[in-house]
Amino acid sequence: INLDRESINKRHEILMSRKKLLQDAGGTSNGVSGTDIFKLSVRGKELYARRDTLTIVKGSRLSKLFGGCWDDCLLRDDDG
């Protein structure tokens, strides 16, 4: 049992380390990538921006909004 526990703990550490690296690179563990492209409507004009561009300033409002944590809560039009 101790060997299984050690193996599980080691695997957990590896996975958590990978998760942190992914988040630091601009993505999250839920399938979000820094290369995701958003179609934005800004003052009636359609603009396209990559997630890593919108989140380049860490801690900013855009970074928090488009960082991946809120993807299920963002307002969307009929096109998605």
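Residues are numbered from 1 along each chain as its sequence is written, and side-chain values use heavy atoms, without hydrogens or water. Because the model is predicted, local features need pLDDT of at least 70 and side-chain atom pairs count only at pLDDT 80 or more, while totals for chains, interfaces and linings use all residues.

Q: What makes β1 and β2 a pair of strands?
A: Strands are DSSP runs of E with at least two residues, numbered from the N terminus, and two of them pair if DSSP finds at least two bridges between them. Strand β1 (residues 37–42) and strand β2 (residues 45–50) share 6 bridges in the antiparallel sense, so they meet that rule.

Q: Why is the contact of R51 and D36 called a salt bridge?
A: The term asks for a side-chain nitrogen of Lys or Arg within 4 Å of a carboxyl oxygen of Asp or Glu. Here the N to O distance is 3.0 Å, so the pair qualifies. R51 lies in helix α2 (residues 51–54) and D36 in the loop between α1 and β1, so the pair ties together parts that are 15 residues apart in sequence.

Q: How do you know whether R51 is buried or exposed?
A: Buried means under 20% relative accessible area, exposed over 50%, and partly exposed in between (1.4 Å probe, protein chains only). R51 has 3%, so it counts as buried.

Terms used. Helix = DSSP H or I, 4+ residues; strand = E, 2+ residues; numbered from the N terminus.
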